[in-house]
Amino acid sequence: MIDRRIDQSIKSFSCLDQSNIALGGAYARRPSASLCRRIVVVIKMEFLLGNPYSTPVGQCIEKATDGSLQNEDWTLNMEICDIINETEEGPKDAMRAVKKRLNGNRNFREVMLALTVLETCVKNCGHRFHVHVANRDFIEGVLVKIITPKNNPPAIVQDKVLSLIQAWADAFRSSTDLTGVVHIYEELKRKGIEFPMADLDALSPIHTPQRGVPEVDPGTHRYRAPVQPNTASETVPKPVAAATADFNPTQIPTASGSITANPEQIARLRSELDVVRGNVKVMSEMLTEMVPGQEEASDLELLQELNRTCRAMQHRVVELISRVSNEEVTEELLHVNDDLNNIFLRYERYERYRVGRSAQNNGLRE
């Protein structure tokens with residue numbers, strides 16, 4: 001029955017076999033055989049698997065990559081990451097939706113939004129998502145195709161795609177099951193493709209599988225055993241904000257009205273901002289690894305303390321944004337403030353899940 005309905009869908013397309021096809025009073029040339037085959041494949045895939053935008057994460061990706069958006073919707077982007085991390089089918093469903101948005105799309109505004117969503121998910125999701133991104137089929141079959149001369153993408157799209165491939169190749173080089181992107185990167189370099197100059201550490205702070213901490217398996221809601229580092233030089237990230245106790249927002253130079261900081265004050269401010277970034281990174285790792293309602297009491301206490309500390313830091317950061325006269329420092333402050341807002345969104349969502357699950361467990365006990 002399914003095959004018959006697929007065949008009917010194919011026939012309804014292939015019956016357009018005239019030399020010219022009328023479209024609204026104009027005439028279009030008959031689609032090529034290769035295009036027909038590609039459309040048939042899409043019809044079959046969507047019929048059997050469903051519309052990629054019909055899943056919870058697919059709906060979010062469709063909205064987050066809508067070309068009518070003036071700016072990235074970071075609330076939606078972080079929600080997408082949460083769904084990927086917290087559901088069994090999240091990684092696979094997210095990739096299907098991303099592929100649908102990227103494949104053959106000549107609306108490069110939507111393509112850029114989709115690439116931003118993809119980059120955000122790689123940075124905030126774990127190995128279960130990385131295996132879908134770093135494989136050869138996706139990198140070569142989707143990303144590289146975007147920047148072929150045939151598609152003639154704008155420079156900003158080409159640079160974005162190449163930057164992502166370069167960053168992921170560097171981050172996943174030591175992970176044996178994620179080296180598809182590494183091979184494609186090296187092949188492109190051998191072909192003479194020039195990659196954008198970039199600070200890879202700043203470009204893609206990806207949490208790679210060899211970080212040595214447990215990863216949550218949403219299917220069982222249990223921790224999987226951590227991957228142990230191969231060398232003694234690799235250390236396990238310690239889930240403590242070591243600098244938290246030393247951070248004192250009043251150490252950031254203050255003054256009434258506009259602040260014209262001297263080099264020493266700027267250096268001190270940047271040092272304090274590094275503390276903020278460090279705490280955001282620890283919070284991000286903890287939110288990725290902890291299961292709502294099943295966390296250790298000590299981990300939850302640390303997470304809540306980090307949240308309180310980061311919120312105190314943000315008050316000072318926001319105050320300085322409108323008062324510091326140095327443009328470079330102001331830009332750094334804005335980036336840090338964005339990072340803080342994103343982590344607070346993730347924390348608040350985590351707390352909602354935790355409280356809801358705790359209430360559910362208490363109800364079952366009664």
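Is Asn152 buried or exposed? At 59% relative accessibility, Asn152 counts as exposed. Buried means under 20% relative accessible area, exposed means over 50%, and partly exposed lies in between (1.4 Å probe, protein chains only). This is a predicted model, in which local features need pLDDT of at least 70 and side-chain atom pairs count only at pLDDT 80 or more, while totals for chains, interfaces and linings use all residues. Residues are numbered from 1 along each chain as its sequence is written, and side-chain values use heavy atoms, with hydrogens and water left out.

**View 1. The whole chain.**
The chain has 14 helices and 4 strands. Helices (H or I, at least four residues) and strands (E, at least two) are DSSP runs, numbered from the N terminus. The chain holds 366 residues, and buried ones make up 43% of them. Take the contacts between residues at least 6 apart in sequence: 72% of these join residues at least 24 apart. Contact means heavy atoms within 4.5 Å. The chain exposes about 20,300 Å², and carbon and sulfur atoms supply 51% of that area. Accessible areas come from the Shrake-Rupley method with a 1.4 Å probe; for residues, only the protein chains shown count as cover.

**View 2. Asn152 in its loop.**
Asn152 is found in the loop between H8 and H9. Most residues other than glycine have a negative phi. Asn152 is not a glycine, yet it has a positive phi of about 50°.

Helix H3 spans residues 56–64, and its buried residues are Val57, Gly58, Cys60, Ile61 and Ala64. They cover an arc of only 160° around the axis, which puts them on the same side of H3. The arc is that of the directions from the helix axis to the C-beta atoms. Pro56 and Lys63 are exposed on the other side of H3. An α-helix has 3.6 residues a turn, so residues three or four places apart point the same way. What covers the buried residues of H3? The cover includes helix H4 (74–86), helix H5 (90–102) and helix H6 (108–124).

Leu118 lies in helix H6. At 0% relative accessibility, Leu118 counts as buried. Residues up to four places away in sequence aside, Leu118 touches Met95, Val98, Phe129, Val133, Phe138, Leu143 and Trp168. Leu118 and Val133 are 15 residues apart along the chain, and their C-alpha atoms are separated by 8.6 Å. Val122 also has its place in helix H6. Its relative accessibility is 0%, so Val122 counts as buried. Val122 and Ala134 are 12 residues apart along the chain, with 9.6 Å between their C-alpha atoms.

**View 3. The largest nonpolar core.**
This core has 52 residues. A nonpolar core is a set of buried Ala, Val, Leu, Ile, Met, Phe, Trp, Tyr and Cys residues joined through side-chain atoms within 4.5 Å. Which residues have the most contacts inside the largest core? They are Leu102, Phe129, Leu143, Ile165 and Trp168. The elements that give two or more residues to this core are H3, H4, H5, H6, helix H7 (127–133), helix H8 (136–146), helix H9 (155–171) and H10. Apart from it lies another core, of 28 residues, among them Val282, Leu302, Val317 and Ile343.

**View 4. Helix H10 against its neighbours.**
In H10, Gly180, Val181, Val182, Ile184, Tyr185 and Leu188 are buried. The buried residues of H10 pack against H8 and H9. H8 and H10 pack at an angle of about 45°, with their axes 7 Å apart. Axes are lines fitted to C-alpha atoms, for helices over the stretch in contact, and angles run from 0 to 180 degrees between N-to-C directions. H8 and H10 are therefore oblique to each other. Angles under 35 degrees count as roughly parallel, over 145 as roughly antiparallel, 65 to 115 as roughly perpendicular, and the rest as oblique. From H8, the contact is made by Arg136, Ile139, Glu140 and Val144. From H10, it is made by Gly180, Val181, His183, Ile184, Glu187 and Leu188. Just after H10, Gly192 takes a positive phi of about 90°.

**View 5. Phe195 and Ile165.**
Phe195 lies in the loop between helix H10 (180–190) and helix H11 (200–203). At 13% relative accessibility, Phe195 counts as buried. Leaving out residues up to four places away in sequence, Phe195 touches Leu162, Ile165, Gln166, Tyr185, Leu188 and Lys189.
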